[in-house]
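I begin with a single charged residue and then widen the view.

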Amino acid sequence: MARAELDKQPADVRRMFDAVARRYDLTNDILSFGQDRRWRKEVLTAVDPSYGDRVLDLAAGTGTSSQPFRDAGATVIPCDFSVGMLQVGKKRLPHLPFTAGDGTRLPFRDATFDAVTISFGLRNIVDPLAGLAEMRRVTKPGGRLVVCEFSHPTWTPWRTVYLEYLMKALPAVARAVSSAPDAYVYLAESIRAWPDQAGLAAMIGEAGWSGAEWHNLSGGIVTLHRATA
């Protein structure tokens, strides 16, 4: 499989995620040293769903990020453009209403959701600004956005170590555990090319959201951005 280039042609990225779907959750757990579990808990806390809230979990993949919302009493819709991911998720979590959808053309009506969240998927949308605007469209007035995404470590020495791991160690580890290790070369490059915390906050505001703020996790390796419709 040829890895997707940084221009993120949708068909290439879709095929890439279809190929990694089978061992995606295991690979992420290993590559993050288990930190992905903590990050998911932080997302749930940031969304703070009330019983009966309608939550859109975009780029939900196999639904691992979606189940906690259902456990909290929300009605959650896991949505992803990778059919391979959705198929794996449906086998594991058949009670969740997995939905196929393009982040730039969401298959939902205006003002449908109380909250929209996307974890580690915004940078893979072909036009992230358009994706954020679509999320704004489907969110009710006063509803909330939570974006969990890789970012820029705030301590320079730590950033140097992190980039070394990202570009050298991560692909090597992925070769040992992933069902499609070449995809992780693209993922590493996409993380390195992604805007910093302030840059993403500005993009969120440009897409029509209000009050964008962020909270760093793991020294800025990951950042939670929050905003209101």
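How accessible is Glu213: buried, exposed or partly exposed? I looked it up and found 41% relative accessibility, which places Glu213 among the partly exposed residues; buried here means under 20% relative accessible area, exposed over 50%, and partly exposed in between, with a 1.4 Å probe and protein chains only.

Before going on, I note that this is a predicted model, in which local features need pLDDT of at least 70 and side-chain atom pairs count only at pLDDT 80 or more, while totals for chains, interfaces and linings use all residues. Residues are numbered from 1 along each chain as its sequence is written, and side-chain values use heavy atoms, with hydrogens and water left out.

**Entry 1: the chain as a whole**

I counted nine helices and seven strands in the protein chain; helices (H or I, at least four residues) and strands (E, at least two) are DSSP runs, numbered from the N terminus. Of its 229 residues, 52% count as buried. The chain exposes about 10,200 Å², of which carbon and sulfur atoms supply 54%, by the Shrake-Rupley method with a 1.4 Å probe, where for residues only the protein chains shown count as cover. I also looked at contacts (heavy atoms within 4.5 Å): among those with a separation of 6 or more, residues 24 or more positions apart account for 68%.

**Entry 2: the sheet**

I traced an open sheet of seven strands in the order β3-β2-β1-β4-β5-β7-β6, with mixed pairing; two strands pair if DSSP finds at least two bridges between them. β3 (99–100) and β6 stand at the edges with a single partner strand each, so one side of each has no neighbour in the sheet.

**Entry 3: charged pairs**

I searched the whole structure and found seven salt bridges, each a side-chain nitrogen of Lys or Arg within 4 Å of a carboxyl oxygen of Asp or Glu. Returning to Glu213, I found its side chain in a salt bridge with Arg226 (3.4 Å, N to O). This pair links distant parts of the chain, with Glu213 in β6 (residues 210–217) and Arg226 in β7 (residues 222–228), 13 residues apart. Arg226 is itself partly exposed, at 34% relative accessibility.

The side chains of Glu134 and Arg137 meet at 2.7 Å, N to O, in another salt bridge, and both residues lie in helix α6, three residues apart, about one turn of the helix. Glu134 counts as buried at 13% relative accessibility, whereas Arg137 is partly exposed at 25%. Asp110 joins Glu134 and Arg137 in a network of salt bridges. I also noted Arg105 and Asp102 (3.2 Å, N to O), where Arg105 counts as exposed at 61%.

Which residues touch the most other members of the largest nonpolar core? Of its 24 residues, they are Leu56, Leu122, Leu132, Met135 and Trp209; such a core is a set of buried Ala, Val, Leu, Ile, Met, Phe, Trp, Tyr and Cys residues joined through side-chain atoms within 4.5 Å. The elements giving two or more residues to it are β1 (54–58), β2 (75–80), β4 (113–119), α6 (128–137), β5 (139–150) and α9 (197–206). A second, separate core of 22 residues includes Ala46, Val55, Leu93 and Phe98.

Leaving aside neighbours within four places in sequence, I found Leu132 in contact with Leu122, Leu145, Val147, Met203, Ile204, Ala207 and Trp209.

In α6, the buried residues are Pro128, Gly131, Leu132, Glu134 and Met135. They fall within an arc of 160° seen down the axis of α6, so they line one face of the helix; the arc is that of the directions from the helix axis to the C-beta atoms. Their cover includes β1, β4, β5 and α9.

In α9, I listed Gln197, Leu200, Ala201, Met203 and Ile204 as buried. Here too the buried residues of α9 fall within an arc of 160°, so they line one face of the helix, and they pack against α6, β5, β6 and β7. Just after α9, Gly208 takes a positive phi of about 105°.
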